[in-house]
Amino acid sequence: MTWEQLSHSQPTVVKMLTNSLKKNRLAHAYLFEGGRGTGKRQVAQQLACSFFCAHSVEGEPCGECGDCRRVHSGNHPDVHWIRTDGQTIKVDQIRHLKKEFSFRGVESKKKVYLVEDAEKMTPNAANSILKFLEEPDGEALAVLMTTQYHRILKTIVSRSQVLSFAPLKPDKLVKQLVKEDIPEAQAQTVAQLTSDLEEAKDLCEENWIAQARTKVIQLTDEVSKRPRYAYLMLQDGWLGFFKEKSEMQTGLDLLMIWYRDVIRMQLDQQNELVFFDQEERLKDEALMASQMKLGNNLTAILEAKRRLDANTSPQLVMEQLLLRLQEG
Ligand SMILES: [Zn+2]
């Protein structure tokens, strides 16, 4: 990994860090916040490399020296990953570290602490980390990482430089998912629903998203071709599959993506289709519906989502939505 490579996914964060590295002006503590899969860990590791590497050029570590190699393999003696194995990161875990450092007669005075799930630090643990950073007899760097910025203690936020990791762009997310053997049609679909890699993978588990797509394709097919059967499909197929409230919302999101695809079809934007494997069906619908009707469909779906949120019965919400989708 190089900063150059990392800058493709997180240009702003990388720019800020490399600028500070070049000027030799790193902060003592960084707080990396952002969704899962946005590269916080890789950037933290790269920062540790730059911090130790004696051969770095313009902040770019050499990647080959002992320090670089040990940081990457995860066994540099002065780089400490702190992860929680339970609900919280306790002060003991950090005290233990401190002891370890003082016993070992470390190679250098430089130390790096990398804390994952920093929102789980107890106030004591957080204070004790912050104290490390103020020790006069050495250089220490702490990188705290979190996906839940709102839960981070104020004392930490005020004493660290906060860097926000941008959500993964849909095309990057799709690439990642395809690399992990998820079929492209599914990958394209989940990338519209979330920018979080882990959440996207969860949605793909046990073919859930594949089945959900099929439900949407079936329902819209019935609505446009056999309106009288749409109710049957709703009862048997839809309500039986999207059971939890969050699943119902996802079902509606997918329905919305479908009608947006129909609009894309009308606008000749075939290469931007999400349901790209359904081009023929989308073409049929695009020929049948006016743009105004499609706009109304999207409004009706948004309304249904709002009502679901307000705890209206899913059955009622969906039946009324069907009626509106079927209006001429
Ligand atoms: Zn190096």
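1. Domain bounds here come from an automatic or database domain assignment. On that basis the chain falls into domain 1 (3-164) and domain 2 (170-327), and their centres, taken over C-alpha atoms, are 41 Å apart. Five residues from domain 1 and five residues from domain 2 make the contact (heavy atoms within 4.5 Å).

2. Before you read on, please note that this is a predicted model, where local features need pLDDT of at least 70, side-chain atom pairs count only at pLDDT 80 or more, and totals for chains, interfaces and linings use all residues. Residues are numbered from 1 along each chain as its sequence is written, and side-chain values use heavy atoms, with hydrogens and water left out.

3. Between domain 1 and domain 2 about 390 Å² is buried, 47% of it from carbon and sulfur atoms (accessible area, 1.4 Å probe, that two parts lose on being put together, summed over both). On the domain 1 side, His8, Arg36 and Gly37 provide 85% of the area buried against domain 2.

4. The interface of the two domains has one salt bridge (a side-chain nitrogen of Lys or Arg within 4 Å of a carboxyl oxygen of Asp or Glu). Do look at Arg36 and Asp196 too: their side chains form a salt bridge at 3.6 Å, N to O.

5. Eight aromatic pairs occur in the structure (rings of Phe, Tyr and Trp, its six-membered ring, with centres within 6.5 Å; planes under 30 degrees apart are stacked, over 60 edge-to-face, the rest tilted). Tyr30 and Phe32 make a tilted pair, 6.4 Å centre to centre with 55° between the planes.
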